[in-house]
Amino acid sequence: MIGFCGRSLRLEWHRVLMRGNEMAKFSDGAARVRFAPSPTGHLHLGGLRTALFDWLWARKTGGKFILRIEDTDRRRLEPESVSSLMRGLRWLGLDWDEGPDIGGPHSPYIQSERQEVYRKHAQALVDRGQAYRCYCTPERLETMREEQRRQRKPTGYDRRCRGLSDSERAEREAEGLPSVVRFAVPEEGVTVFTDLLRGEVQVDNRQLQDEVILKADGFPTYHLAAMVDDHLMQITHVLRGEEWLSTAPLHRLIVDAFGWDMPVLVHLPVILDPSGKGKMSKRKKTVAGKEYLALVHEFEDAGYLPDAMFNFLTNVGWNFDPVEEVFSREEAIDRFQLEEINPSAAALPYEKLDWLNGLYIRELTAGALKAALIPFLSRQLGLREDDLAGDRKLDILAPVIQERIKRLDEAAGWLDWAFQDAEDINYNEPKLLIGRKMDVDGSIQMLQAGASLLETVEPFAAESIQGAFREKADELDVKAGSLFGPIRGAVSGKKVSPPLFESIEALGREETLRRIERAKLALENLQTDEG
RNA sequence: GCCCCGUUCGUCUAGUGGCCCAGGACACCACCCUCUCAAGGUGGAGACAGGGGUUCGACUCCCCUACGGGGUACCA
């Protein structure tokens with residue numbers, strides 16, 4: 001643990017900055033952390049990573065991981081995305097202890113079902129003069145901003161409604177004007193908050209806005225809803241994207257206005273798109289001609305293993321160990337520390353994910369590998385899952401492609417030939433059957449030699465087939481590769497294939513001979529064409 | 001424009017004043033192994049954004065600049 005002594009120094013430093021009431025929460029007690037996505041679309045890797053760190057901290061401290069749906073924006077709402085979100089979390093193995101589907105002591109966990117709670121809290125602030133109703137129309141706000149921009153001044157609400165007298169307010173209410181509630185930010189002074197990773201941050205209150213906390217439609221904005229829920233749900237640690245850093249002072253002010261304690265704030269660095277520029281978006285991104293995935297379900301569909309993804313995501317923004325890159329969930333939970341999170345933005349190293357995924361694939365048992373492969377082969381090759389499950393070809397071939405694939409969806413490209421008929425294999429490309437430094441006659445000879453040998457070899461299994469082939473190569477005084485090459489082409493219809501002898505064994509004697517025969521025919525045609 | 005945050009090999013990172021002419025991993029290159037392709041093994045190349053301080057000594061502390069990111073909504 002010597003390596004971590006520096007970390008604890010930093011930890012001490014943060015402790016000094018914390019006030020007494022905040023310190024209690026910073027202790028190592030059971031944490032209550034929440035993942036609070038807004039259901040506006042599919043979950044992407046950035047969101048998943050936030051949830052992952054939430055989960056790690058909850059499990060580490062023996063606390064609770066809470067799922068809360070922040071659906072207060074009706075315009076962007078996509079109701080189906082709630083199930084997509086949950087599916088993504090489950091896929092990675094992030095189980096929640098309280099949430100919309102399973103309930104909990106602070107139900108409901110869907111903000112649209114908590115409107116009354118927010119309304120009351122907003123009203124309490126209005127009653128105490130810490131918030132006020134604003135009757136400005138969106139149109140007025142827009143022209144105001146335009147004017148500010150024109151004058152190159154910072155844009156922001158001019159607080160016109162803040163100074164309204166009681167009679168002016170009564171007048172507007174009588175008229176039935178729609179209104180919002182704005183939080184009344186102190187006009188001067190400095191607001192200070194502490195981010196676990198960055199330390200104390202001070203912001204001049206003059207930079208802050210009288211932000212809307214309750215919209216005209218009666219729904220709260222994030223600023224109110226999240227603060228109220230975090231308090232009511234007794235959240236101890238708030239992990240959220242760095243894009244919230246700028247609004248943290250406002251949140252501190254709101255929390256203070258209610259007289260509540262501030263949770264520990266941890267603003268997670270943004271995840272950059274693969275080009276290293278800009279936040280990762282939900283759109284597919286093409287960098288250097290290659291398309292990068294972003295959505296969780298896309299990674300699932302591409303055949304990334306949850307364990308590999310877990311390992312991968314845990315190690316960006318946080319570092320498990322200076323030397324060891326591969327670790328289990330248990331080890332990650334054991335070592336995870338919030339204050340070790342790196343505050344600088346990072347692009348996802350996709351090549352490393354591929355490497356890790358390959359590594360995890362190689363560690364799969366034969367049974368697990370086969371089971372994992374079946375849905376992919378079924379989908380990509382148009383085969384029935386049941387048929388695949390009972391196909392012995394897969395039992396022979398799956399283990400030999402295991403160290404050759406980095407994603408499950410690559411298997412089809414390695415094995416398609418094994419599930420085709422001899423007639424469907426195209427032997428017309430001469431380079432397929434004729435090796436370098438070989439001619440048509442030579443290749444035909446090799447095919448013939450292979451065929452005659454395969455007719456009699458016993459048992460018809462990879463090892464004995466290989467032995468027979470090597471003997472034959474010696475006998476013909478050719479390099480093994482010269483003999484294997486044309487046979488490989490005949491068997492698989494490819495220049496690059498899984499190991500030859502396992503492939504032959506999988507195909508069986510009869511089918512193999514049929515393919516060699518067809519390949520020979522193709523070469524003979526070539527011969528007569530030329531002759 | 002204004003405010004906030006960040007900046008170590010191409011990428012993810014270790015590093016918290018001397019252990020660092022900066023360590024690991026992926027990717028890349030070479031060689032070995034080898035039935036193709038992989039996997040594996042060995043080796044190689046590759047970074048402290050720039051400038052000022054502070055200090056006997058700065059990747060590490062402070063300041064400035066540059067660059068990158070985020071925010072500036074009745075979105076989250």
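The model is predicted: local features need pLDDT of at least 70, side-chain atom pairs count only at pLDDT 80 or more, and totals for chains, interfaces and linings use all residues. Residues are numbered from 1 along each chain as its sequence is written, chains are lettered from A in the order in which they are written, and side-chain values use heavy atoms, with hydrogens and water left out.

**Exercise 1.** Describe the surface near RNA strand B, where a residue is near if one of its heavy atoms lies within 4 Å of the strand.

Solution. 
- Step 1: RNA strand B is surrounded by 65 residues, and K215, E403, R404, R470 and R488 are the closest.
- Step 2: The surface divides into 27 nonpolar (Ala, Val, Leu, Ile, Met, Phe, Trp, Tyr, Cys and Pro), 23 charged (Asp, Glu, Lys and Arg) and 15 polar residues (the others, Gly among them).

**Exercise 2.** Which distances separate the side chains of D73, R198 and E242 from sugar or linking oxygens of RNA strand B?

Solution. 
- Step 1: A polar contact is a pair of N or O atoms within 3.5 Å.
- Step 2: For a side-chain N or O atom of D73 the distance is 2.5 Å.
- Step 3: For R198 the corresponding distance is 3.0 Å, and for a polar side-chain atom of E242 the value is 3.1 Å.

Methods. A residue is near a molecule or strand if one of its heavy atoms lies within 4 Å of it. A polar contact is a pair of N or O atoms within 3.5 Å; within protein, one must be able to donate a hydrogen and the other to accept it, and residues adjacent in sequence count only if both atoms are side-chain atoms.
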